Amino acid sequence: MNDLMAMAKPYHREHAVLLHGWFEMVPQTHGARSAFFSNMSRKLDKQPVAGQPVRCSISTAQRKYKEWLEDPLYPCQPEALLPNNKPGKQRVPTELVEELQRLATMPGCKAFSVARGKVLFAWKDGQEVPGLGCWPDWWRANHPNEPMPSHAPDFPFGKSTLYRYKPSKAVAAAGTLGRSALSNESPFVDMDYAPLRKCEAFTLDDVRFDFKARDPKTGKVVVLVGYFMIEMASRRICGFMVRPDGAVKQAEVDALVGHVLSKEGIGDGYVTHIIFERGAVACSEAKKRIYESLSGGGIKIHRTGIDAGIRWAGEAPDSSKGNPCGKAVIESFNKTLHLLLGHLPGQRGNNYGNQPQNHDNLCKEAERLGKIEAATGVDLNNPLMAVFEVVNCIQAALEVHNAESGHNYEGHGVDYEEEVQPGVWNRCEIISADVAREAAKALLENKQEQELTHARPPGKNQ
């Protein structure tokens, strides 16, 4: 036994001797060799050697046999089957990792390549790199017997190695964008609204539509904003209003809440919670005290949280921004509403990249025709819808949404009964989504026909 076998661990030594004995019996013909490796794998797999089971599949046996034959130092000898452990590569210093992650979370650093580029530039420029020092010092420490090069050598670690230490999306978003962006990348909690009772929780939110409309009074093209109030247990929209962007008033929000509560009621024996987003127009403090005091504690007004803060000393504070995580149910409805209204004219998309190329020209043409219509009262077949027409379309879309009881919300299935009076339940007919859509379409056409009839001059039959 030579020194290499003597220094090997008992398991590695006995395992090498065992395989060496089998490999000496390998036949030379290809067909017989395949059958031999299959038989070898079946007999050796999980056989105990030095107290440990052997793992020997057919592919492992063939690979080991090739190494046994082609080893440059010990061909066809047991030493060729010993593990050839080489010393590991240089580890990335902790100081360098911390510097990379610090640079990658600086404001304005949108990609990890920017942080890596700054480190490489400092290395080539002879500056101090955390964990490595300047390149002349690094060269003397790692290549003491070689002459000093005239310029900086390649960086000690490759691109793929450095990218392993890229900060997570949540950490990068918190540093480059702010705490509000952190909440979009952080882990979230699944919320189950199934235990909610009728009218136990309402929430409100505003949403800016992805299309433009025209104001029939002025003829101008405006961006519209909807303000919706949803009953969280059933996901039913109980009330809404539509206003031009920036024109939602506090009194109108108070009126919307009062209208919905007078129509829907409050909890019988349990508290009704109303959740506003702090970033939108919310219920006034005066109305909040009125609701909570006159209801005897039966109504509680809440506001979602605000994401703000200072990332580190010396920096300006982040701008305060509403946190939508407390009212995910209505945020999900907002996306559904965009899909339901995606066929309306004047679509501008949710960002510049999704905006149709004829959008600007369409709006200019609509404004020219709108001013003529406002001055003369003549219908010129404007390519954009009027505000009242948009309201009718939203009403039809909401009727489809509210009638579709089979939607895939967690904890809710198909409703077979409805409460017509307090404590009185009747069986209800299940209406499919297709039937509801047809009914909403017929309702919209009927409303448009009535508006055209009222708009005709008296004494003219068409």
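# Burial, helices and salt bridges in a predicted model

User: What percentage of the protein's 462 residues count as buried?
Analyst: This is a predicted model: local features need pLDDT of at least 70, side-chain atom pairs count only at pLDDT 80 or more, and totals for chains, interfaces and linings use all residues. Residues are numbered from 1 along each chain as its sequence is written, and side-chain values use heavy atoms, without hydrogens and water. Buried means under 20% relative accessible area, exposed over 50%, and partly exposed in between (1.4 Å probe, protein chains only). Of the 462 residues, the buried share is 36%.

User: How many helices and strands are in the protein?
Analyst: Both are DSSP runs, numbered from the N terminus: helices are H or I with at least four residues, strands are E with at least two. The protein has 16 helices and 11 strands.

User: What span should helix 2 have, and how far apart are its end C-alpha atoms?
Analyst: The expected span is 1.5 Å times one less than the number of residues. Helix 2 covers residues 10-23, which is 14 residues, so it should span 20 Å. The end C-alpha atoms agree, at 20 Å apart.

User: Within what arc do the buried residues of helix 2 fall?
Analyst: The buried residues are Tyr 11, His 15, Ala 16, Leu 19, His 20, Trp 22 and Phe 23. The arc is that of the directions from the helix axis to the C-beta atoms. Seen down the axis of helix 2, its buried residues line one face, because they fall within an arc of 160 degrees.

User: Which elements are included in what covers those buried residues of helix 2?
Analyst: Contact means heavy atoms within 4.5 Å. The cover of the buried residues of helix 2 includes helix 3 (30-44), strand 1 (48-49), strand 2 (52-53) and helix 4 (58-70).

User: Is Arg 91 buried or exposed?
Analyst: Arg 91 sits in the loop between helix 4 and helix 5 (94-104). Its C-alpha atom is 8.9 Å from that of Phe 157, 66 residues apart along the chain. At 74% relative accessibility, Arg 91 counts as exposed.

User: With which residue does Arg 63 form a salt bridge?
Analyst: A salt bridge is a side-chain nitrogen of Lys or Arg within 4 Å of a carboxyl oxygen of Asp or Glu. At 43% relative accessibility, Arg 63 is partly exposed. With closest N and O atoms 3.4 Å apart, its partner is Glu 67.

User: Is Glu 200 buried or exposed?
Analyst: Glu 200 forms a salt bridge with Arg 197, the closest N and O atoms being 3.1 Å apart. Arg 197 is partly exposed at 43% relative accessibility. Glu 200 has 13%, so it counts as buried.

User: How many residues apart in sequence are the parts that Arg 208 and Asp 245 tie together?
Analyst: Arg 208 forms a salt bridge with Asp 245, the closest N and O atoms being 3.7 Å apart. Arg 208 lies in strand 3 (residues 201-214), and Asp 245 in the loop between strand 5 (236-244) and helix 11 (250-264), so the separation of the tied parts is 37 residues.
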